Amino acid sequence: MNKPQITIKDIARALNVSPSTVSRALKDNPDISKETRDLVHAYAREHNYVPNRAARTLVTRRTDTVALVVSENNQKLFAEPFYAGIVLGVGVALSERGFQFVLATGRSGIEHERLGGYLAGQHVDGVLLLSLHRDDPLPQMLDEAGVPYVYGGRPLGVPEEQVSYVDIDNIGGGRQATQRLIETGHRRIATIAGPQDMVAGVERLQGYREALLAAGMEYDETLVSYGDFTYDSGVAAMRELLDRAPDVDAVFAASDLMGLAALRVLRASGRRVPEDVAVVGYDDSTVAEHAEPPMTSVNQPTELMGREMARLLVDRITGETTEPVRLVLETHLMVRESG
């Protein structure tokens with residue numbers, strides 16, 4: 001026969017303290033002495049105490065749960081290394097604040113409708129929105145339902161002063177990658193840009209263009225091809241570039257997966273990297289580190305991005321902040337053998 005779960009009152013009775021003291025000690029309230037907090041935590045662990053979330057929800061009107069919504073399909077979520085760092089950062093930051101999260105994906109209209117209904121149904125206290133495209137209906141659905149949310153990445157077509165977001169300096173990252181190729185003597189520098197309905201795709205291309213113009217070089221549309229950050233799209237884009245500009249001597253790929261694709265297409269065409277064509281990627285993921293040759297790549301702090309997104313959302317849920325907050329995180333170049 002299973003033993004009944006102990007409650008906060010049981011712990012209080014055993015330790016001869018009040019239930020409110022136990023409750024605050026379990027939340028690591030600094031008003032409770034460290035000795036008492038340690039004693040309460042030790043007793044709770046020893047007797048397998050599990051918080052009663054249902055009871056707490058009735059009192060606080062909160063679920064202590066948030067949703068991390070990625071507006072892509074499942075295949076892309078688990079194929080791209082960018083998302084792993086975000087999920088890790090979100091999970092760590094939420095755990096530190098006593099929250100948990102659910103992960104959801106959706107890209108089609110039906111999926112968005114289903115997600116919108118779930119998110120507006122008081123199942124979560126707030127939402128982290130990641131990888132949004134220009135036409136995403138989720139923000140409007142959340143606004144209508146009064147559910148707080150934070151963007152991962154600056155949204156396109158939305159007044160910045162009205163929303164909270166955490167973004168990467170994509171313009172600066174694209175500029176750094178292109179400047180590296182210019183400084184190492186390349187003059188026919190192509191790019192495999194990301195999707196132009198996403199801020200990361202738009203701004204990394206902008207950084208590429210700005211670096212060329214700053215160096216007195218021409219921005220040539222024939223040296224620009226487009227992908228969607230995936231490996232397969234990078235293969236198609238690199239083949240297209242070689243057909244249009246066989247004299248290309250460098251490539252900036254707006255993701256490491258597209259960069260890896262470029263490396264392999266170049267090798268299959270008989271070109272050596274970096275002797276004939278240099279390649280720089282974007283993400284500084286394990287994909288870049290273990291590529292052949294190891295790929296120079298723009299490092300973006302994805303785990304920190306996830307942590308900051310979670311922090312902003314919890315601060316909004318708990319009332320610690322009420323005004324929109326905007327953060328932009330810096331990038332740096334990790335130089336390896338490819339360029």
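**A buried aspartate in a three-domain predicted model**

D284 counts as buried because its relative accessibility is 15%, where buried means under 20% relative accessible area, exposed over 50% and partly exposed in between, with a 1.4 Å probe and protein chains only. The model is predicted, so local features need pLDDT of at least 70 and side-chain atom pairs count only at pLDDT 80 or more, whereas totals for chains, interfaces and linings use all residues. Residues are numbered from 1 along each chain as its sequence is written, and side-chain values use heavy atoms, with hydrogens and water left out.

D284 sits in the loop between β9 (278-283) and α13 (286-289). Leaving aside residues up to four places away in sequence, D284 touches D256, S297, V298, N299, M334 and R336; contact here means heavy atoms within 4.5 Å.

Turning to the whole protein, the secondary structure comes to 14 helices and 12 strands, taken as DSSP runs (H or I of at least four residues for helices, E of at least two for strands) and numbered from the N terminus. Of its 339 residues, 50% count as buried. Among contacts between residues at least 6 apart in sequence, 72% join residues at least 24 apart. Along the principal axes, the C-alpha atoms fill a box of roughly 80 × 40 × 40 Å.

The protein is divided into domain 1 (8-51), domain 2 (65-168 + 303-329) and domain 3 (170-299), with bounds from an automatic or database domain assignment. The C-alpha centres of domain 1 and domain 2 lie 33 Å apart.
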